[in-house]
Amino acid sequence: MGAPAIERPREAAAGPQPTAVLDGVEVTQAVQDIGGSIPLVARKMTLVRAYLGSPSAPMSVRGELRVSRAANGPWTTVSSFGTAALDPARSGSSPAQLRGRREDLAFSLDFRLPRRFTKQGTLWFKLGAVRDATTGRKVQIGGTGNARTVTFVPSPLLRLRVINLRYTTGAPPVQFAATKSDLEHMESWLTRAYPVARVRFSTVTVDATATWPFQATQANAQLAALRALDVAGGQDPGTHYYGMVSDGGGFMRGRASAIPGAPDPSAVASGPTGPNNSSPGFSWDTDGSYGDWYGGHELGHTFGRFHPGFCNGNSADDPAYPFPNGQVSGADGAFTGVDVGDPDIPVAPAALPGVVWHDVMTYCDFQWLSPYTYRGIRDRLVAEGMLFPVPYDDDDEDDDDSSRGGRGDASAGAAEPPVNGTPVHVSAVVNLTRRTADFSYVTPLVGPTAAQSAPIDDRFALRVRLADGTTRTLPVVFKPDVCQVADDDDTGLVDTVVAVDPGAVGMDLLLDGEPVAEYSAGGTPSTAANLQVERLTGAAGNGAEGPAPGEPVLTWDDPAAATTDAGPGGVTYGVQASTDQGRTWTTLAVGATDRQLPLDTEQFSDADRVRFRVLTTSGFSQTVSTTEDLPVENL
Ligand SMILES: [Zn+2]
C-alpha cells in the first residue's frame with residue numbers, strides 16, 4: 001500500500017524491553033464478529049485488526065502484518081495504518097474484554113490488505129514486528145502462535161445505473177439535479193457497506209417528464225420505461241436502476257416499486273439526495289450527502305429486503321430481524337461494523353459499534369448494514385448473478401473471478417417472451433386507495449425484451465382495444481410501492497411488457513375488472529428528420545429550462561409536428577446513444593415532447609464516435625431515425 005517503512009531508531013539502552021499480548025484478531029470488511037462468521041467477499045477492501053493487551057506500560061504502537069497466499073510463504077509485509085493505543089485496562093481475550101478495542105480503531109492495530117491478497121481462496125497471516133511508535137523500540141508480543149487463515153469467497157459485483165432525474169421549478173424557473181458529490185457518495189457508500197467488491201456504476205442525467213413536485217412512484221414509472229428501453233437496446237438486464245432526485249426544490253420521499261420475492265433486477269426505486277443539514281433527522285451523517293445510505297435503503301428493497309420495524313414509522317414487515325431496536329448487533333456488541341473509509345470523498349475509516357449503529361432497512365439514525373441484511377443482500381446478488389451472469393468485466397485484472405459470466409453478451413439471462421405483435425412496455429402509476437391510475441409511459445421496444453421475472457397480479461389486467469371493436473385482455477405485472485408512511489395512499493406501479501396487436505387503437509387498465517385508466521394510441525408517427533448536434537447561441541438558449549448557451553444539443557424536426565400534441569396518444573420521443581456502431585444503446589430521454597436534447601458529452605468521453613437515434617412514438621407503433629457516427633471530440 002506504499003506505506004513508509006517503519007523507522008528503526010537505535011534501541012534505547014534504558015529499561016527492559018516493552019511487552020504486550022495478542023488477545024485476538026479479526027478480519028473484517030463491513031461488519032463482523034470476533035469468530036469471523038460473516039463471509040469475506042473476494043476483492044473487497046479488507047481490514048485485519050489485531051487486539052493487543054496487557055502492555056508493560058501504556059504506549060502507542062505501530063506494527064507489521066505478514067501475509068501469504070500459501071501456507072509456507074512467501075510472506076509479504078504490510079504496515080499498519082495509524083497507531084494503536086495500548087492500555088493495561090483494555091486487556092483480555094474474552095468477547096467482553098475485546099469489545100472496547102473492537103469498537104474504536106484507536107485501540108486496535110489495523111492493516112489494509114493489498115487487493116491481490118483478497119482474491120478468492122485462503123489467506124495466511126500472522127502478526128510481525130510491533131514497535132513503540134514513540135521510541136521505536138521493539139515490543140515483545142506474547143500469544144502470537146501460528147499463522148491464521150481466512151477464506152475469501154467470490155461474490156457478484158453490484159450493477160447499478162443511477163438516473164439523475166432533473167426537474168425545473170419556481171419563478172423564475174430553476175433547475176435541480178443531484179450533484180457530482182451526491183453521485184460519488186452513493187457509489188462509495190455502496191462499495192463500502194454492501195457485500196460487493198465493486199459497484200459497476202453508471203449514471204445519466206435525464207429530465208423528469210412529470211411536473212414537480214412529483215412523487216417517487218412517478219419517478220419510478222420513468223425509470224421503468226428507461227430501463228426497458230436500455231435492456232431492449234442490449235444493456236445488461238442484471239442492472240438495478242435507482243433514481244436520485246435533488247431536494248433543492250423540495251423533499252421527495254423515497255420509494256421502491258416492489259420487494260421482489262425472487263431475484264428481479266427490474267424492480268426500480270427512487271429517493272432524495274442533498275446536503276446532510278437539509279433534514280434535521282439526518283444530522284448524524286456529516287459526510288456532505290445523505291443520498292448514499294438513503295439510496296442503500298431503497299436499493300435494499302429491490303434486493304428483497306423488508307422493514308424490520310424500527311424508528312419513525314418503519315413498518316414491521318420482517319419478524320426475523322435478529323437484533324433489538326434495529327441495531328447492527330445484540331446488546332453484547334458481538335457484531336461490529338467497520339467503514340473502511342474513502343480518501344476521495346473524503347470519509348475516514350471508522351469502527352461502528354453495533355449497539356449505536358442501526359440496520360439500513362430501519363428508519364433509525366446511524367445507518368449501516370447489519371450482518372442479517374449483509375448476508376441477505378449477498379444471497380440475492382448471488383441468485384441474480386445466476387440468472388443474469390455478470391458480463392466480462394474489463395475493469396478487473398483478475399483471472400479467477402468465478403462470478404464472471406458470458407463475454408459481452410448483453411442479452412444473457414433474457415429470454416424472448418412469446419410475442420404476438422409488437423412488444424410494448426407499459427408504465428402506469430396506480431393509486432389503489434382511490435382506485436385511479438395513469439398511463440405514464442407507453443413505449444414500443446426494439447430489440448430483445450427481458451423475461452418478466454416479477455409475478456403477474458390477478459387484480460389487474462390490460463384490455464387492448466382493436467380497430468374492429470373487439471378486445472384482448474392481457475395479464476400485467478404490478479409492483480406495490482414500499483417505504484410508504486401510514487397515512488400515504490396505497491400506490492404502486494404497473495411495469496409490464498405486453499405484445500400488442502399492430503391494429504390496436506387503445507387500451508384500458510382494469511382493476512378488479514373495472515377500467516381505472518384509458519389510453520388511446522395515435523396512428524403511425526412520422527419519422528424524425530434533420531437530426532443534428534448543434535451549439536445554441538446565447539439568444540437561443542433559454543436559461544434554466546433549456547440548454548445553456550454553447551452546450552451541444554441534439555435537435556430534430558418532426559414533419560407532423562404542426563398537427564400533433566403531446567399527451568396521451570400524442571407523439572413523444574425517446575433518444576438513445578450508441579458508442580459501438582449501434583450494437584448497444586443507452587437511453588438519454590423517454591417520454592420527451594421537446595425536439596431538442598442537451599447532451600452531456602461526458603457520457604461518451606471514453607469513445608471516439610457516437611451515434612444517436614430518435615424513437616418517435618404515438619403509442620403502439622414507433623419510427624426510428626439514426627445519425628451517422630459522429631466524432632465525440634467535435635460534439
Ligand atoms: Zn423502505
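Student: How many disulfides does a search of the whole structure find?

Tutor: The search finds 1 disulfide, a disulfide being a pair of cysteine sulfur atoms within 2.5 Å. This is a predicted model, where local features need pLDDT of at least 70 and side-chain atom pairs count only at pLDDT 80 or more, while totals for chains, interfaces and linings use all residues. Residues are numbered from 1 along each chain as its sequence is written, and side-chain values use heavy atoms, leaving out hydrogens and water.

Student: Which cysteines form the disulfide?

Tutor: Cys311 and Cys364, with their sulfur atoms 2.0 Å apart. The torsion about their S-S bond is about 85°, so the disulfide is right-handed.

Student: Are Cys311 and Cys364 buried or partly exposed?

Tutor: Cys311 is partly exposed at 36% relative accessibility, whereas Cys364 is buried at 4%. Buried means under 20% relative accessible area, exposed over 50%, and partly exposed in between (1.4 Å probe, protein chains only).

Student: Switching to the zinc ion, what are its protein donors?

Tutor: His297 (NE2), His301 (NE2), His307 (NE2) and Cys483 (SG), lying 2.0 Å from the zinc ion. Donors are N, O and S atoms within 2.8 Å of the metal (3.2 Å for Na, K and Ca); water is not among the atoms, so sites may look incomplete.

Student: What spacing do the donors follow along the chain?

Tutor: H-x3-H-x5-H-x175-C. His301 and Cys483 are 182 residues apart, so to speak distant parts of the chain that the pair links.

Student: Is His301 buried or exposed?

Tutor: His301 is buried, at 0% relative accessibility. Cys483 is also buried, with a relative accessible area of 4%.

How values were computed
Helices (H or I, at least four residues) and strands (E, at least two) are DSSP runs, numbered from the N terminus.
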